[in-house]
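Dear colleague,

I am passing the structure below on to you, together with some notes on what turned up in it. Please read the notes with the model open beside you.

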Amino acid sequence: MTANDPFPHHLQLTRDGQLRHFLTLDGLSRDLLTDILDTADSFIEVGERTIKKVPLLRGRTVVNLFFESSTRTRSTFELAAKRLSADVLNLDISTSATSKGESLSDTLLNLEAMASDMFVVRHSQSGAPHFIAESVTPGVAIINAGDGRHAHPTQAMLDMLTIRQHKGGFEGLKVAIVGDVLHSRVARSQIRALNVLGVAEVRVIAPGTLLPKDVERLGCTVHYDMAEGMKDLDVVIMLRLQNERMEGALLPSEREFYRLYGLSRDKLALAHPDCIVMHPGPINRGVEIESAVADGPQSVILNQVTNGIAIRMAVMSMAMGGQLAERQRTQAQGGQV
Amino acid sequence: MTALLDIDQLLNELESGLRQVLADRGVDQPALIGIRTGGVWLADVLSKRLGLDEPFGELDISFYRDDFSRIGLNPRVKPSSLPFDTEGRDVILIDDVIMSGRTIRAAMNEIFDYGRPASIILATLIDLGARELPVQPDVVGRTLALEEHQRVKLRGPEPLHIELQEAGH
């Protein structure tokens, strides 16, 4: 638990420790993260069948509530919900009632009146999914699909799944996250996950202008020199340069950034020969990564996308299961009291 | 009671019963599937005893259980693995104990998501009765009537043995 995290962690767990919302990795144990990865492994097998569907969320309604646009994340959440047999409603809020002045609370009340069982929320404000989880009707699960600069826990977990698939585990691994850490909710969640799962070393490699203040406190070492930071790496995670979030002159130019922090074949050669290359997408070829590296033999970028469906199936079914088990207990107690 | 539950005796019953059913139905290339975990141990033994060359399948029914809405997802779920195409095959489905019949219903639903088998033969080592669904095994090692405080469990895989527990005390 970091001192600067204002969100309560018990919110996402039932009294007996089952997941009931998935908002942040903060406060989740190594055992629980491992359960999520193991469950996702089983869903990968489901994705290889003739019929890629299981009945876990049959008859449940999942609402994808995207206040911020995203193609990959929304489509993998949608596919995940459909493979769990849920009915899915996609709401792009920027084009709906909130632009007519309706408040977030009123939008949610209306959606709850449609008997929704789960909201998958993406929002530009840090903490929006927590706010919704605190105010929503008991029994409805909230999944964070990325909030402001705070967290993107399903992305971090699909990255962990990809690392485990290729490296067999986490012990002894040296992992670096390279680039625009400042604007990246993904990086925050990744650093947390890597520390909880027990890798040997987490490095961030970036110019000082693209690092948050006190980044070391998240649990990583800082390298300003990429050649130095690439040494002996087992995993390198590139971040997208988030130009649309840049305010003022944080960078001299994209060309200068590529020269210093872009992942070229030369720089990758400094890492361990088995080092895998990851990127949450969408990639800016020639800005943070060379095309030949993105498409090269060490790249696992497309595995990450496939794993994203399995991780989202795992988290959605575990959270829904936790909510349903809790409903059941409450009803049983209600009968006695 | 332990004499009654001699594992080799029950396995002999299961094997000869299966041979009979296979002969009656004219099945000579059955595909074997065990339900995790006890059923998988039994599939391993019976695969050898029946002289089947093809590797057997392992089914984890966690994603198909009808009590998900009551207790949530089993955190110990492992991937199912069917190393053959079930489409058009004669399947032998094996589990250690049958009681309510709910596990078998879930297993059959899962098998059909891999393809449409020609037939399914159900074999269980022990039948405890107390059925809640109209599901009956074709072959049974032994039918048992337990006292209310008794539980029976297959332990394994080495050595495979049957444990009778006095529950609740």
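The buried residues of H6(A) pack against helix H1 (30-46), strand E4 (141-147), helix H5 (153-167), strand E5 (174-178), strand E6 (201-205) and strand E8 (235-238), which also belong to chain A. Here a residue is buried if 20 or more other C-beta atoms lie within 10 Å of its own, exposed if 12 or fewer, and partly exposed in between, with C-beta atoms placed from the backbone; helices (H or I, at least four residues) and strands (E, at least two) are DSSP runs, numbered from the N terminus. H6(A) is mostly covered, since 12 of its 13 residues are buried, and among them are Arg185(A), Arg188(A), Ile191(A), Arg192(A) and Leu197(A). Helix H6 (residues 185-197) of chain A should span 18 Å at 1.5 Å a residue, and its end C-alpha atoms are 19 Å apart, which agrees; the expected span is 1.5 Å times one less than the number of residues. Just after H6(A), Gly198(A) takes a positive phi of about 85 degrees.

Please bear in mind that this is a predicted model, in which local features need pLDDT of at least 70 and side-chain atom pairs count only at pLDDT 80 or more, while totals for chains, interfaces and linings use all residues. Residues are numbered from 1 along each chain as its sequence is written, and chains are lettered from A and ligands numbered from 1 in the order in which they are written.

The domain assignment of chain A gives domain 1 (10-151 + 305-336) and domain 2 (153-301), the bounds coming from an automatic or database domain assignment. Their C-alpha centres lie 27 Å apart, and 24 residues of domain 1 of chain A are in contact with 19 residues of domain 2 of chain A, contact meaning that the C-beta atoms of two residues, placed from the backbone, lie within 7 Å. On the side of domain 1 of chain A that touches domain 2 of chain A, the elements that give two or more residues are H1, E4 and H11 of chain A, and H11(A) gives the most, with 6 residues.

The largest nonpolar core has 137 residues, and those with the most contacts inside it include Val178(A), Val236(A), Met316(A) and Ile33(B); such a core is a set of buried Ala, Val, Leu, Ile, Met, Phe, Trp, Tyr and Cys residues joined through C-beta atoms within 7 Å. Helix H11 (residues 301-336) of chain A gives the most to this core, with 13 residues. Domain 1 and domain 2 of chain A both give residues to this core, so it lies between them. Leaving aside residues up to four places away in sequence, Val236(A) touches Ala176(A), Val178(A), Leu263(A), Ala271(A), Cys275(A) and Val277(A).

Turning to the other chain, chain B has 4 helices and 7 strands, and from the N terminus on its elements run α-β-α-β-α-β-α-β-β-β-β. Buried residues make up 35% of the 169 residues in chain B, and its C-alpha trace spans about 50 × 40 × 30 Å along its principal axes.

Where the chains meet, 17 residues of chain B are in contact with 21 residues of chain A. Arg70(B), which has its place in helix H3 (residues 68-71) of chain B, touches Ala325(A) and Gln328(A), not counting residues up to four places away in sequence. With 14 C-beta neighbours inside 10 Å, Arg70(B) counts as partly exposed.

With best wishes
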